[in-house]
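Subject: A structure for you to explore

Hi,

Here is the structure I promised to pass on. Have a look around it, and then read my notes below.

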Amino acid sequence: MPRPSATTLYLSAPAAIELVRRQSVAACIAGIAENIRTDFRRWPEFDKCARVGNHGDQGVIELMPVSDAQRYSFKYVTGHPGNHRAGRPTVMAFGVLADMATGTPELLSELTLTTALRTAATSLVAAQWLARPGSRVMALIGNGAQSEFQALAFQHGLGIAELRLFDVDPRATAKLVANLRGSGLKLAVCASAAEAVRGADVVTTITADKARATIVTPDMIEPGMHLNAVGGDCPGKTELHPDVLRRAKVFVEYALQTRVEGDIQQLPPDFAVTELWQVLAGQAAGRDSREQVTVFDSVGFALEDFSALRFMRDTALALGLGERIALIPDMADPRDLFGLLRRPMARQAEPAAALA
């Protein structure tokens, strides 16, 4: 019997870009969202933990692992708000999907672009259960690298038709407007967060600065609003005034992590929240009435990356994208690691389509 291949599918940033171009942003978000719904509904099957972060003066580097009985994944992700001044992304990431039975890494993938897709997909999944039916207007506060993905997710997945935009940097808003030209969305550029929020059904905050900010205050809140708070995602970083949270019914991904990193870090540890998986699995109610204010305090959780990596692997294989790399040594005798140094090197990469 031939030995199984030890090669790993590698999806580089250029390959991931080509994948999204071929499928479309909206289709990728929808596919990842479907995986998130499926995986969250089997939440108890996963071995979960809060991410591990190493914090520096300029930002944070984090590892986000999760697994079920068949697959393990992790994401390496950075958050450095000042990176744009050096021409680098605020968020940079890559990840691995591996076989639990053998530990073999099946996929090594970029996750910078994919993180934006999966964050938008998670926001969409939450809003489909929590936002008021018939929501058509969204305020988008923070018009940086992830804003277009949020806009398109809510347009195609929730029916948002109008965006009210604000960013402290007018250049970010101009970039967003240019990128969404021709999307069919009605775009209104606003002079303040308060102006953007006025009359909105959904309010998405996705700011980058690591600061205890109060971007949305209680006087801005109207009955029936759904707040999608995405930017507050590490200790010392918030976007919502605590009284906004006290007024609302609050939903989170993984409470142990969100109480440290999310907007609810401002509140006592016994502040009542509902984990999103409970709503998707039918174990808890979402919105209780049209007038209720709901908040999704989203910090990003490893299971979402697991769902996204599954989508990227399956789609890359279907499209013949990526390449096979020798990330793990191919050993004739698995007990003779030293013997690898005594024989000629094999060719290190094969096209993915040839070995899929």
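At 0% relative accessibility, Phe-301 counts as buried. Please keep in mind that this is a predicted model.

Phe-301 pairs with the ring of Tyr-254 in a tilted arrangement, with 4.9 Å from centre to centre and 35° between the planes. Tyr-254 sits in the loop between strand 15 and helix 8 (255-261), and Phe-301 in the loop between strand 17 and helix 10, so the pair ties together parts that are 47 residues apart in sequence. Tyr-254 is buried too, at 12% relative accessibility. Both rings belong to a cluster, linked by ring pairs, that also takes in Phe-40, Trp-43 and Trp-277.

The whole structure holds nine aromatic pairs. Another of them joins Phe-46 and Phe-306 edge-to-face, with 5.2 Å between the centres and 85° between the planes. Phe-46 is in the loop between helix 2 (25-41) and strand 2 (47-48), while Phe-306 is in helix 10, so this pair bridges 260 residues of sequence. Phe-46 counts as buried at 5% relative accessibility, and Phe-306 counts as buried at 1%.

Now for the charged residues. Side chains of opposite charge can pair when their charged atoms come close. A search of the whole structure turns up 23 salt bridges. Here are some of them:

- Glu-106 and Arg-71 form a salt bridge, with their closest N and O atoms 3.1 Å apart. Glu-106 belongs to strand 7 (residues 105-110) and Arg-71 to strand 5 (residues 71-79), 35 residues apart. Glu-106 is partly exposed at 22% relative accessible area, and Arg-71 is partly exposed at 24%.
- Arg-118 and Glu-304 form a salt bridge at 3.5 Å between the closest N and O atoms. Arg-118 lies in helix 3 and Glu-304 in helix 10 (residues 302-319), so the pair connects parts that are 186 residues apart in sequence. Arg-118 and Glu-304 are both buried.
- Lys-249 and Asp-288 meet in a salt bridge at 3.1 Å, N to O. Lys-249 is in strand 15 (residues 249-252) and Asp-288 in the loop between helix 9 and strand 17, so parts 39 residues apart in sequence are tied together. Lys-249 counts as buried because its relative accessibility is 19%, and the cut-off is under 20%.

There is also a network in which salt bridges with shared partners join Asp-39, Arg-42, Glu-45, Asp-68 and Arg-310.

Where is Arg-287 found? Look in the loop between helix 9 (276-280) and strand 17 (294-297). Arg-287 is buried, with a relative accessible area of 15%. Its side chain reaches the backbone oxygen of Gly-224 at 3.1 Å, and a polar atom of that side chain lies 3.4 Å from the backbone oxygen of Met-225. Arg-287 and Gly-224 are 63 residues apart in sequence, yet 9.3 Å apart in space from C-alpha to C-alpha.

Enjoy exploring!

Technical notes
Residues numbered from 1 in each chain as written. Predicted model: local features only at pLDDT ≥ 70, side-chain atom pairs only at ≥ 80, totals over all residues. Heavy atoms only, no water. Helix = DSSP H or I, 4+ residues; strand = E, 2+ residues; numbered from the N terminus. Buried < 20%, exposed > 50% of the residue type's maximum accessible area, 1.4 Å probe, protein only. Polar contact = N/O pair within 3.5 Å; in protein donor to acceptor, adjacent residues only side chain to side chain. Salt bridge = Lys/Arg side-chain N within 4 Å of Asp/Glu carboxyl O. Phe/Tyr/Trp six-rings, centres within 6.5 Å; stacked < 30°, edge-to-face > 60°.
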